[in-house]
Amino acid sequence: MPFDIVAFLETQTATALSGVAAVADRYYDVNLDDIKVKAQARFLAGVLQLGVTTPKYCEIRQPSMKVPPRFYKASLTTVIDHRPGFTNLLNRPFPLYAGEKLNVYLQNATAEYSAVVLWLSDGKITQASLDAVNPTHSITGYADQALTANIWNAVPITWDQDLPKGTYAIVGMKVASYLAAGAEPIASRLLLKGKEAGAWHPGVITSELATDKTNFVNDVIGIEQKWPLMPEISFTDDLMPDLEMLSLTADTDHIVELTLVKTR
């Protein structure tokens, strides 16, 4: 059930169906348009597609795929909530070929910014596993950091509460960003400390804040923001997690909410 998120982004997409550059990634083997699929994350569990004005569809390709899956759901980069552009495959993921390169091909009627975020998992997330969750804690953290556009930014978080001593599984996550001129955030993922070898980096779609770290524009919980209890996605009270964030703009202020289960 654990998963990673990875991204592809072009500042000026060709109007013909063409490959999209992979965003440089510290945890995946990336070369130009290629991301190599890990054996531990060999299922496609979600697709977020974004364009400025006229996104059409994207295809997920691997050399061994005979018929690449094509996805038409898309959202505009300028709207405050990108979740309408998310194709949910969490409970019925597509199998991928571990060790092979993975590419995103995209068609847009306009030469403009385009982005695709992929959820790569080790299996499906069932409704039963979600229903079995009984949260014990919720914490909120903040960051003041101007993001560099179009790359994954490491963002240290200042948490507003201290948790009791113990180990906590993360079963929900929500992130939003603010920029006075108008933020265009894409996605955020977790940095779990002390788990570097074989670590997972799950994440969510990032929404826009109405004002500086005060409230979410859209407070409805999205499908991708509620997780089952996954022992791999946990931390101890003395190693609080941070974030990596991806945005089309230099967003300056950020807020994250985590829903937790204390496991010991």
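The place of N150 is in the loop between β13 (137-144) and β14 (153-155). N150 has a positive phi of about 75°, although N150 is not a glycine. Helices and strands here are DSSP runs numbered from the N terminus, with at least four residues (H or I) for a helix and at least two (E) for a strand.

The model is a predicted one, in which local features need pLDDT of at least 70 and side-chain atom pairs count only at pLDDT 80 or more, while totals for chains, interfaces and linings use all residues. Residues are numbered from 1 along each chain as its sequence is written, and side-chain values use heavy atoms, with hydrogens and water left out.

**Two loop leucines**

L32 also has a positive phi, of about 55°, and is not a glycine. This residue is found in the loop between β3 (30-31) and β4 (34-36). L32 is exposed, with a relative accessible area of 69%. Buried denotes under 20% relative accessible area, exposed over 50%, and partly exposed the range in between, for a 1.4 Å probe and protein chains only.

L192 lies in the loop between β17 (185-191) and β18 (203-205). L192 is buried, at a relative accessible area of 5%. The C-alpha atoms of L192 and P241 are separated by 5.0 Å, although the two residues are 49 residues apart along the chain. Neighbours within four places in sequence left aside, L192 is in contact with I170, W200, E232, I233, S234 and P241. Contact means heavy atoms within 4.5 Å.

Strand β5 covers residues 43-51, and nine of its nine residues are buried, so the strand is largely enclosed by the rest of the structure. Two strands are said to pair if DSSP finds at least two bridges between them. The pairings of β5 are set out below.

| Partner of β5 | Sense | Bridges |
|---|---|---|
| β12 | antiparallel | eight |
| β9 (residues 86-88) | antiparallel | three |
| β10 (residues 94-95) | antiparallel | two |
| β8 (residues 75-76) | parallel | two |

Individual residues show how these pairings are placed. L44 stands opposite F94 in β10. L48 has F86 in β9 as its bridge partner, and L50 has A115 in β12. G51 stands opposite L76 in β8.

**S121 in strand β12**

S121 belongs to strand β12 (residues 114-121). S121 is buried, with a relative accessible area of 2%. A polar atom of the S121 side chain lies 2.8 Å from the backbone oxygen of G123. A polar contact is a pair of N or O atoms within 3.5 Å; within protein, one must be able to donate a hydrogen and the other to accept it, and residues adjacent in sequence count only if both atoms are side-chain atoms. Residues up to four places away in sequence not counted, S121 touches P2, F3, Q40, A41, R42, F43, A45 and P93.

**D242 in strand β22**

D242 is in strand β22 (residues 242-247). D242 is buried, with a relative accessible area of 14%. Which partners does the side chain of D242 have? A polar atom of this side chain lies 2.8 Å from the backbone nitrogen of I157, and the side chain makes a polar contact with the side chain of K193 at 3.2 Å. Apart from neighbours within four places in sequence, D242 is in contact with V155, P156, I157, R189, L190, L191 and K193.

**The largest pocket**

About 240 Å³ of space lies in the largest pocket. Of the 16 residues that line the pocket, V171, G172, Q225, K226 and T259 are the closest to its centre. On a 1 Å grid over the protein atoms alone, a pocket is an open set of points where a 1.4 Å probe fits, with protein on both sides within 12 Å along at least five of seven lines, and lining residues have an atom within 4 Å of a point. The elements giving two or more residues to the lining are α1 (127-131), β16 (167-178) and β23 (253-262). The largest share, four residues, comes from β16. The lining divides into seven nonpolar, five polar and four charged residues. In this grouping Ala, Val, Leu, Ile, Met, Phe, Trp, Tyr, Cys and Pro count as nonpolar, Asp, Glu, Lys and Arg as charged, and the others, Gly among them, as polar. The volume is the space filled by probe spheres set on the grid points, which are joined across faces, edges and corners.
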